[in-house]
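Reader: Hi, I'm new to reading protein models. Can you walk me through this one?

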Amino acid sequence: MTQRPLTLQEVEALARAAHEGQTDKAGRPYAEHLAAVAEGVRLRGGTPAQQAAAWLHDAVEDEAISPGRLAATAVPEEVKAMVLALTKRPGEPLEEYAARVLATPGALLVKEADLAHNADPVRLSVLDAPTRERLTAKYAYVRSLLGITTP
């Protein structure tokens, strides 16, 4: 029997539950980042599938959801493909990561929204200077690899 696909609201609830108790580098609840990325995707004209991928984009990388659980989740295959494309693997060069994002339909828009939120000066301002400088340079490099011209 085929499961009915999760609604966007159900994907949001799944992501929020999976990341419960996690915080970002600034100590904020991690779900705030997920919500900002999903909203960024929506404002950029992203599809419901891209918005769902935005909610789940860090779930596997942060070990909030295992790859097996993602595979069994009732979301469209295109969402799963985007989430896996957006999952940075340990020791993976940024160039390989960027190539995978570019090769996966829909993933670039999600990554653009992710980078925009990650590089938000207000968000970065609460970090110590060395971390802020390291992350700013990293985000700029990833944007250049992906052909994204604006932060």
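Reader: What share of the residues in the protein chain is buried?

Author: Buried residues make up 44% of the 151 in the protein chain. Keep in mind that this is a predicted model.

Reader: And what counts as buried?

Author: A residue is buried when its relative accessible area is under 20%. Over 50% is exposed, and partly exposed is in between.

Reader: OK. How many helices and strands are there?

Author: The protein chain has nine helices and zero strands.

Reader: Let's take α7. Where does D114 sit, and is it buried or exposed?

Author: D114 is in helix α7. Its relative accessible area is 4%, so D114 is buried.

Reader: What does the side chain of D114 make a polar contact with?

Author: With the side chain of H57, at 3.2 Å. Setting aside residues up to four places away in sequence, D114 touches H33, V37 and H57.

Reader: Now K80. Is K80 buried or exposed?

Author: K80 counts as buried because its relative accessibility is 8%, under the 20% cut-off. K80 is found in helix α5, residues 77–85.

Reader: What does the side chain of K80 reach?

Author: The backbone oxygen of T73, at 3.0 Å. Beyond four places in sequence, K80 touches L70, A71, T73 and V75.

Reader: Switching to the start of the chain. Where is L6?

Author: L6 lies in the segment before α1, which covers 8–18. L6 is partly exposed, with a relative accessible area of 27%.

Reader: Which residues is L6 in contact with?

Author: Leaving out its neighbours within four places, L6 is in contact with V11, L14, T73, A74 and V75. T73 and V75 were also on the list for K80.

Reader: And how far is L6 from P76?

Author: They are 70 residues apart in sequence. In space, L6 and P76 are 8.6 Å apart, C-alpha to C-alpha.

Reader: Next, E63. What's phi there?

Author: Phi of E63 is near 60°, a positive value in a residue other than glycine. At 71% relative accessibility, E63 counts as exposed.

Reader: Last topic: charges. How many side chains are positive and how many negative?

Author: The protein chain has 17 positive and 20 negative side chains. The centres of the two sets lie 1 Å apart.

Reader: And what does the accessible surface come to?

Author: About 7,900 Å² for the protein chain. Carbon and sulfur atoms hold 57% of that surface.

Key:
Residues are numbered from 1 along each chain as its sequence is written. This is a predicted model: local features need pLDDT of at least 70, side-chain atom pairs count only at pLDDT 80 or more; totals for chains, interfaces and linings use all residues. Side-chain values use heavy atoms; hydrogens and water are left out. Helices (H or I, at least four residues) and strands (E, at least two) are DSSP runs, numbered from the N terminus. Buried means under 20% relative accessible area, exposed over 50%, partly exposed in between (1.4 Å probe, protein chains only). Accessible areas come from the Shrake-Rupley method with a 1.4 Å probe; for residues, only the protein chains shown count as cover. Lys and Arg count as positive and Asp and Glu as negative; His and the chain ends are not counted. The place of a charge is taken as NZ of Lys, CZ of Arg, CG of Asp or CD of Glu. A polar contact is a pair of N or O atoms within 3.5 Å; within protein, one must be able to donate a hydrogen and the other to accept it, and residues adjacent in sequence count only if both atoms are side-chain atoms. Contact means heavy atoms within 4.5 Å.
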